[in-house]
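Walk through this structure with me, one element at a time.

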Amino acid sequence: ILALIGLIAVPTNIFASLAAGAMLVVAMAVLAALTLLPAVLSLLGDRVDRLKVPYLGRRILDGQTSGRISWIARLAQRAMRRPALALVAGVALLLLCAYPALDMRTGVSGVSTFPDDFQSKQGFAVLDRQFSAGAVNPVQIVVDGRVDDPAVRAGMTRLEAALADDEAFGPVQTQVAETGTLALLSVPVAGDAVGDVAIQKVRELRETLAPAAFGGTGASVYVTGQTAGNIDYMDMVNGSFPWVVALVLSLSFVLLTIAFRSVVIPAKAILMNLLSVGAAYGLVTLVSLKGWGAGFLGFRQVETIEQWVPLFLFAVLFGLSMDYQVFLLSRIKETWDRTHDNTRAVTEGIGATAGIITGAALIMVAVFAGFAAGDLVMFQQVGFGLAVAVLLDMTLVRMVVVPASMKLMEDWNWWMPASLGRFIPTIEESPDPPP
């Protein structure tokens, strides 16, 4: 919920709707787990263990019933034998996956990214070939001022001449309101209305051509239309991204500090989650933009990542990764509080949670694979990014990076400044009720 709250900070209805819907689902799931699930388990009693799935018992997943240590816990023990090497190798691999994200380009997908059998794309191709696709969604230039004023009229003439000198713009159509106080200039732009050329030309029109033509005329000029709207949308999302990240990280750090009474554990958890998100960004860029393995996976190679995808991926992935981290670290802390043996706490915590976390992660991967199997590029990017991030978090982060970092830090994992500890409430379990 904290991770999704960040989406509300973006001033657009789509992100607020996504965040509200997802938070309601999470809240209802928690409510059902605290009320409906205990009631059902009480009614079923021991019958809940009937109809077991062959070969997939708890012993296979975590080894707890047989007394044997799970294979995941054994991997964690190996990482703790050489923690520095394991940590460097794990982080280096995550950074290598994240490296392609430096070339990530975001934008708005137009009809050109649709599958070739879509009628909308076929019609767009005919329009662009025979006429100009920009005529369907022309740039709208609104001139708010006395059109019969010689200065305003001269400004319109200068702008029309500047547009005529640029081959990217088509012929200008001018309409004047009956009141004579408003004029509308419609001009097509070559190519897709959300393509690079159209975006560049509209920015140039807003920042250079229109101010130069109407400077000193007293008229207000507004450049609108589909391309201009997409530019405003992209600028809004890009401007909100740092604030969303800062809000989510701050709230998560505070909550984890209270839960674990440590400032080291929250800092490490946040850094590991950021590495997982960065790796997802890099792999999405590698496949969707650079085309590595796109044909094998059935994806379309495009020129841009859909503008909303990185922000949405950050919120969802941070929430999912933090779920796994909290579940794992809570079990580690329980053993640490009981034994004060760091190595034992990590081994038992990973071994005890292995089956549940692995099962949950595989379910999430299967769900996200359904997104990636769609025809639309934006859903391919979302599904693939979520799936690979969960896989990396389930394997590399949990089996290598977490145990190695916990081993290196030893007792420092649970360090809390005394001055801060006085203000942090202690969360203690209630005593067992009398028999």
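**From helix packing to sheet**

H10 and H13 are roughly parallel to each other, because an angle under 35 degrees counts as roughly parallel. This is a predicted model. The axes of helix H10 (residues 226-260) and helix H13 cross at roughly 10 degrees and come within 10 Å. On the H10 side they include Tyr233, Val237, Phe241, Val244 and Val248. Further along H10, Leu249, Ser252, Leu256 and Phe260 are also among them. H13 answers with residues including Trp308, Pro310, Phe314, Phe318, Met322, Val326 and Lys333. An α-helix has 3.6 residues a turn, so residues three or four places apart point the same way.

H13 has another partner. Helix H13 (residues 308-339) packs with H15 at an angle of about 30 degrees, and their axes are 10 Å apart. H13 and H15 are therefore also roughly parallel to each other. Their crossing is right-handed.

Now follow H15 itself. This helix covers residues 377-409 and bends by about 55 degrees at Val397. How many of its 33 residues are buried? The count is 25, so H15 is mostly covered, where buried means under 20% relative accessible area. After H15 comes Glu410, which has a positive phi, near 50 degrees.

Turn next to the sheet. It is open and has four strands, in the order S3-S4-S2-S5. The pairing is antiparallel. Which strands sit at the edges? They are strand S3 (173-176) and strand S5 (220-224), and each pairs on one side only. From one strand to the next, the twist averages 15 degrees.

Look at the pairings one by one. S3 is joined to strand S4 (residues 182-187) by four bridges, and the two run antiparallel. Gln173 stands opposite Ser186 in S4. Gln175 has Leu184 of S4 as its bridge partner. S3 and S4 also form a hairpin, with five residues between them. Gly180 lies in that turn and has a positive phi of about 75 degrees. S4 pairs with S2 as well, in the antiparallel sense, over six bridges. Here the bridge partner of Val143 is Ala183 in S4. In a regular strand the side chains alternate between the two faces of the sheet.

A helix lies over these strands. Helix H8 (residues 150-164) lies across strand S2 (139-144), S3 and S4. H8 runs at about 5 degrees to S4.

Two single residues remain. Is Lys201 buried or exposed? Lys201 counts as buried because its relative accessibility is 14%, which is under the 20% cut-off. Lys201 is placed in helix H9 (residues 196-214). Beyond residues up to four places away in sequence, Lys201 touches Asp166, Ala168, Phe169 and Val189.

Thr304 sits in a loop instead, between helix H12 (294-297) and strand S6 (305-306). With a relative accessible area of 13%, Thr304 is buried too. What does Thr304 contact, leaving aside neighbours within four places in sequence? Its contacts are Arg105, Thr106, Gly107, Leu289 and Gln381.

Notes: Residues are numbered from 1 along each chain as its sequence is written. This is a predicted model: local features need pLDDT of at least 70, side-chain atom pairs count only at pLDDT 80 or more; totals for chains, interfaces and linings use all residues. Side-chain values use heavy atoms; hydrogens and water are left out. The bend at a residue is the angle between axes fitted to the seven residues ending there and the seven starting there. Buried means under 20% relative accessible area, exposed over 50%, partly exposed in between (1.4 Å probe, protein chains only). Two strands pair if DSSP finds at least two bridges between them. Axes are lines fitted to C-alpha atoms, for helices over the stretch in contact, and angles run from 0 to 180 degrees between N-to-C directions. Contact means heavy atoms within 4.5 Å. Angles under 35 degrees count as roughly parallel, over 145 as roughly antiparallel, 65 to 115 as roughly perpendicular and the rest as oblique. A crossing is left-handed if the near helix is turned anticlockwise from the far one by less than a right angle, and right-handed if clockwise.
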